[in-house]
Amino acid sequence: MISFKNVYKKFNLNINALDDVSLDIENGEFVFLVGQSGAGKSTMLRLLAREYVPTSGTILIDGVDISKLKSSQVSEYRRKIGFVFQDFKLLDDRTVFENVALALEVRGIKEVEINKEVEKTLKMFEIWERRKLFPRQLSGGEAQRTAIARATIGKPSLLLADEPTGDLDPQTSWSVLQLLLEINSWGTTVIMATHNKEIVDSQKRRVIALKAGKIVKDKHQSLYEIH
Amino acid sequence: MSIFFSFVKKNIRRTPYQAFAATMVMFFTFFCLSTFLIVAVGSQQILKYYESKPQAIAFFKDGTNPADVQRIEDVLNQTGKIKSLHYVSKNEALQIYRQNNKNNPLLLELVTASILPASLEISTVSPDDLQPIANLVQKEPTVEEVVFPADVVSSLTQATRIIRIIGGSVVGFLAVFSTLVIVMIIGFKIRIKRAEIETMKLLGAPVWFIRIPYLLEGIIYSLTGAILGWAFSFAILWYVSPLLLNGLGEVSSQVWPPSILFITGLLAAQVIAALLVGGLGSFTALRRYLKI
């Protein structure tokens with residue numbers, strides 16, 4: 001379970017990127033994080049990825065305060081989460097296969113096992129045919145599929161998606177959403193930050209809305225409205 | 001480990017000109033180091049050869065008896081600066097003269113033992129002690145004169161000292177320069193791969209996993225330069241050896257051919273130095289530019 005307790009995040013003295021945020025997310029939930037640009041969605045995700053630590057307050061993951069993790073524990077923690085970005089963040093000099101394999105390489109898994117696992121994952125995400133291509137040779141949808149494959153190949157318990165459909169056309173956005181829903185059906189908690197009203201409204205899932213760093217709505221089976 | 005070499009291979013392939021420049025700088029440094037060590041060891045061998053020869057000869061006046069010679073030997077030995085003393089009688093002097101002039105019968109006919117002086121061949125522990133010892137012997141009433149058969153030793157000692165100072169300074173400067181080049185190149189690579197490093201961190205890569213490829217890269221440049229420098233310096237030595245041996249004359253047998261032990265020892269020394277320079281350069285770059 002994820003718990004934010006009175007979390008504040010300040011980047012300078014006057015502006016609160018997050019302002020007294022408290023919430024709980026159960027394991028296996030699919031949550032939409034909505035709000036205007038600068039509302040604090042990405043900050044929340046980056047706090048969860050332990051890229052940032054809160055200025056005050058605590059963030060507990062399954063009872064562990066992640067802001068107190070040591071450097072070596074942070075990398076171990078991050079192997080339990082997957083991160084998907086709007087701009088994919090694929091490594092330009094590596095092929096699709098190598099990009100996905102990297103997530104297992106950092107875990108010190110043997111090459112034979114990596115090859116087997118990557119093949120399985122790429123086939124599942126329907127990008128096996130593209131395995132030898134470099135990111136610049138892929139369409140937006142293919143690049144995002146590769147990024148999601150990389151984020152999920154390590155079987156994370158939490159998947160953080162920061163505007164994963166932001167750069168994609170509507171049709172591709174829907175296919176990306178289907179992938180995320182499928183990953184959620186395996187039991188993975190998915191938190192998706194998005195501006196895409198259509199997608200949010202279509203799913204009627206839990207919606208957490210942020211405005212100027214504060215939670216202004218936290219409702220299950222909800223629509224996009226930010227109030 | 002193969003994964004790290006695969007990362008290094010990619011890094012090098014992406015920036016081949018930088019890799020080439022780094023390797024060439026390393027090559028130049030280690031070529032200078034190798035050449036300096038070859039010259040230093042060679043000159044040391046030549047110096048040893050000349051040091052093993054008598055450095056000064058005291059010629060006795062006619063009529064000097066063995067007791068006088070013994071007394072002078074005792075005086076010299078008490079100084080603690082004497083490496084060896086060898087008394088050459090008139091008859092032994094004649095034998096040496098005959099040996100040296102065996103191809104010139106005319107010279108042999110004219111000389112007898114009576115006209116050749118007895119002498120004392122003196123070698124000192126340090127070439128610097130030669131002059132004070134010569135002065136001491138010269139004061140003896142039975143000594144006619146003291147001569148230095150060759151001033152080679154002092155010249156060589158001086159030359160060896162200069163070689164060590166200049167060579168050491170140049171190699172020291174180049175080692176520092178090379179380390180800085182590695183710092184700059186690895187630092188630059190870390191900067192252009194910042195996004196990639198961030199992604200790897202988010203994927204949960206441990207700190208060492210991110211650092212090792214950069215550390216290896218610096219060491220690889222350095223090692224390649226060291227091996228090339230070693231090979232090139234010996235190749236040049238082999239190429240110029242006929243000319244060199246001709247110039248060295250009788251001393252050439254002391255320095256040529258170089259022993260396998262010396263050749264492999266020099267390679268080992270270069271490899272160790274390369275590990276230090278490459279490792280230190282990469283490590284400094286990682287500390288400076290890769291704050292994780």
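**Strands, helices and a chain contact in a predicted model**

In this predicted model, strand β1 (residues 2-10) of chain A pairs with β2(A) in the antiparallel sense, over six bridges.

Reader: In β2(A), which residue is the bridge partner of A:K10?

Author: Strands β1(A) and β2(A) are paired antiparallel. A:K10 has its bridge partner in β2(A), and that partner is A:N16.

Reader: Which strands stand at the edges of the open sheet in chain A?

Author: The sheet has four strands, in the order β2-β1-β4-β5 of chain A, and its pairing is antiparallel. An edge strand pairs on one side only.

Reader: What residue of β10(A) is the bridge partner of A:A209?

Author: A:A209 lies in β9(A), where A:V34 stands opposite it. Strand β3 (residues 30-34) of chain A and strand β9 (residues 206-211) of chain A pair in the parallel sense over four bridges. β9(A) is also joined to strand β10 (residues 214-219) of chain A, antiparallel, by five bridges. In β10(A), the partner of A:A209 is A:K217.

Reader: Which residue in the turn between β9(A) and β10(A) has a positive phi?

Author: These two strands form a hairpin, with two residues between them. In that turn, a positive phi of about 50° belongs to A:A212.

Reader: How much of chain A counts as buried?

Author: Chain A contains seven helices and ten strands. Among its contacts with a separation of 6 or more, 65% are between residues 24 or more positions apart. A residue is called buried if 20 or more other C-beta atoms lie within 10 Å of its own. Of the 227 residues of chain A, the buried share is 43%.

Reader: Which element gives the largest share of the side of chain A that touches chain B?

Author: In the contact between the chains, 15 residues of chain A meet 13 residues of chain B. On the chain A side, the elements that give two or more residues are α2 (71-78) and α3 (96-105) of chain A. By class, this side has six nonpolar, three polar and six charged residues. The largest share is five residues, and it comes from α2(A).

Reader: Why is one side of β2 and of β4 in chain B left without a neighbour in the sheet?

Author: Chain B has an open sheet of four strands in the order β2-β3-β1-β4, paired antiparallel. Neighbouring strands are turned by 20° against each other on average, direction ignored. β2 (82-88) and β4 (143-147) of chain B stand at the edges, so one side of each has no neighbour, and the reason is a single partner strand.

Reader: At about what angle does helix α6 of chain B run to β4(B)?

Author: Strand β1 (residues 56-60) of chain B and β4(B) pair antiparallel over four bridges, and B:A58 has B:V146 as its bridge partner in β4(B). Helix α6 (residues 130-138) of chain B lies across β1, β3 (119-124) and β4 of chain B. Its direction relative to β4(B) is about 165°.

Reader: How far apart are the axes of α1 and α9 in chain B?

Author: B:F4, B:F7, B:V8, B:N11 and B:I12 in α1(B) meet B:I212, B:P213, B:L216, B:E217 and B:I220 in α9(B). The residues of this contact divide into eight nonpolar, one polar and one charged. The crossing of α1(B) past α9(B) is right-handed. Helix α1 (residues 2-14) and helix α9 (residues 207-248) of chain B pack at about 65°, and the distance between their axes is 9 Å.

Note on methods. Residues are numbered from 1 along each chain as its sequence is written. Chains are lettered from A and ligands numbered from 1 in the order in which they are written. This is a predicted model: local features need pLDDT of at least 70, side-chain atom pairs count only at pLDDT 80 or more; totals for chains, interfaces and linings use all residues. Axes are lines fitted to C-alpha atoms, for helices over the stretch in contact, and angles run from 0 to 180 degrees between N-to-C directions. A crossing is left-handed if the near helix is turned anticlockwise from the far one by less than a right angle, and right-handed if clockwise. Two residues are in contact if their C-beta atoms, placed from the backbone, lie within 7 Å. Ala, Val, Leu, Ile, Met, Phe, Trp, Tyr, Cys and Pro count as nonpolar, Asp, Glu, Lys and Arg as charged, and the others, Gly among them, as polar. Two strands pair if DSSP finds at least two bridges between them. A residue is buried if 20 or more other C-beta atoms lie within 10 Å of its own, exposed if 12 or fewer, and partly exposed in between; C-beta atoms are placed from the backbone.
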